[in-house]
Amino acid sequence: MNAKEYGLSEGPLVKGNGYKPPNLHRWGPGVRDVYALHYIVSGRGYLKTSQAVFPLEAGDSFVIFPQMEVYYYPDPQDPWAYCWIECGGTEALRLLDMIHISPDHPVVTAAPQDLKPMFDRVEANAIEPYERERSDAGFRLLLTYYMEYYPSEQASLKKDYVGSAKAYVERNYWKSALSVLDVVDYVKIERSYLFRLFKKETGTSISGYLTAFRIRRACGLLGESRLSVKSLAYSVGYHDPLYFSKIFKKVTSYTPSQYRKVYREGNVLPPADGGGG
């Protein structure tokens, strides 16, 4: 597996990190070629951009964007302490796009919780591949809190109720007790509204989608395994093999045994796309 397949074509997501104790350290004016997320642990300071001067205090955060000229400095009477993480690449841009922060508005006010412990989990100097992956994973986890507390308009629009419902079905289809109400409870929106959205986007009901997904999975197992019809039925959420066979034929026009025979004779069948059940 090459680096591109493994997701390392851009190198690690995290490029650098650190902590500055309370002192009079300042930086700039100048530009950087990375994104740099700063979190104020204590004290006060200021970020100056071409747009404005932003006063900062404990709990606030700011981001320096690539090629954005900045100057940041502490309050001389109450100098700040802060931690920082540098990141880069298209993945960093994708994640930051889901946070309400931009070159014009590079500051967010105090988070509802202390985020420093999460900054401490990130280690840019990791050498081993598993260490780098843990460091990047820690940074992604940290950014999910920024996404939660400061969602961008783009992130808010990305609430994909139908996608969430489909993903829940696809993770839990093997449970015989799975019901439409389980899906509604998971998505957490009004039932009739979800039904309308789902029907509009998929052309079928949630129960129809569940049945079709189970049968598609059964088709795959019939072609790829030697499971008995009983075991196969159980594997896709049906504890009654006779009922499973009835639904399977309704959707595919074949009994499970017929489907397996035709498949093994080299006739490729289209995926099941019916509803039923």
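**Close-up views**

**View 1. Helix α7 is followed by Lys-188, whose phi is positive, near 65°.** This is a predicted model: local features need a pLDDT of at least 70 and side-chain atom pairs 80 or more, while totals for chains, interfaces and linings use all residues. Residues are numbered from 1 along each chain as its sequence is written, and side-chain values use heavy atoms, with hydrogens and water left out. Helices are DSSP runs of H or I with at least four residues, strands are E runs of at least two, and both are numbered from the N terminus. In α7 (residues 180-187), look for Val-183, Val-184 and Val-187, which are buried (under 20% relative accessible area; exposed is over 50%, partly exposed in between; 1.4 Å probe, protein chains only). Seen down the axis of α7, the buried residues fall within an arc of 100°, so they line one face of the helix; the arc is taken from the directions from the helix axis to the C-beta atoms. These buried residues pack against α6 (161-172), α8 (191-202) and α9 (206-224), where contact means heavy atoms within 4.5 Å.

**View 2. Tyr-238, Tyr-243, Phe-244, Phe-248, Tyr-254, Tyr-259 and Tyr-263 make up one aromatic cluster.** Rings of Phe, Tyr and Trp (its six-membered ring) pair if their centres lie within 6.5 Å; planes under 30 degrees apart count as stacked, over 60 as edge-to-face, and the rest as tilted. The structure has 22 such pairs. One of them, Tyr-238 with Tyr-243, is tilted, at 5.9 Å centre to centre and 55° between the planes. Phe-248 sits in α11 (residues 241-252) and Tyr-259 in α12 (residues 256-264), so the pair ties together parts that are 11 residues apart in sequence. Phe-248 is buried, at 0% relative accessible area, and Tyr-259 is buried too, at 5%.

**View 3. Five strands form an open, antiparallel sheet in the order β1-β8-β3-β6-β9.** Strands pair if DSSP finds at least two bridges between them. At the edges stand β1 (14-20) and β9 (107-108), each with a single partner strand, so one side of each is left without a neighbour in the sheet. Further in, β3 (residues 35-42) and β6 (residues 61-64) share four bridges, and Leu-37 has Val-63 of β6 as its bridge partner.
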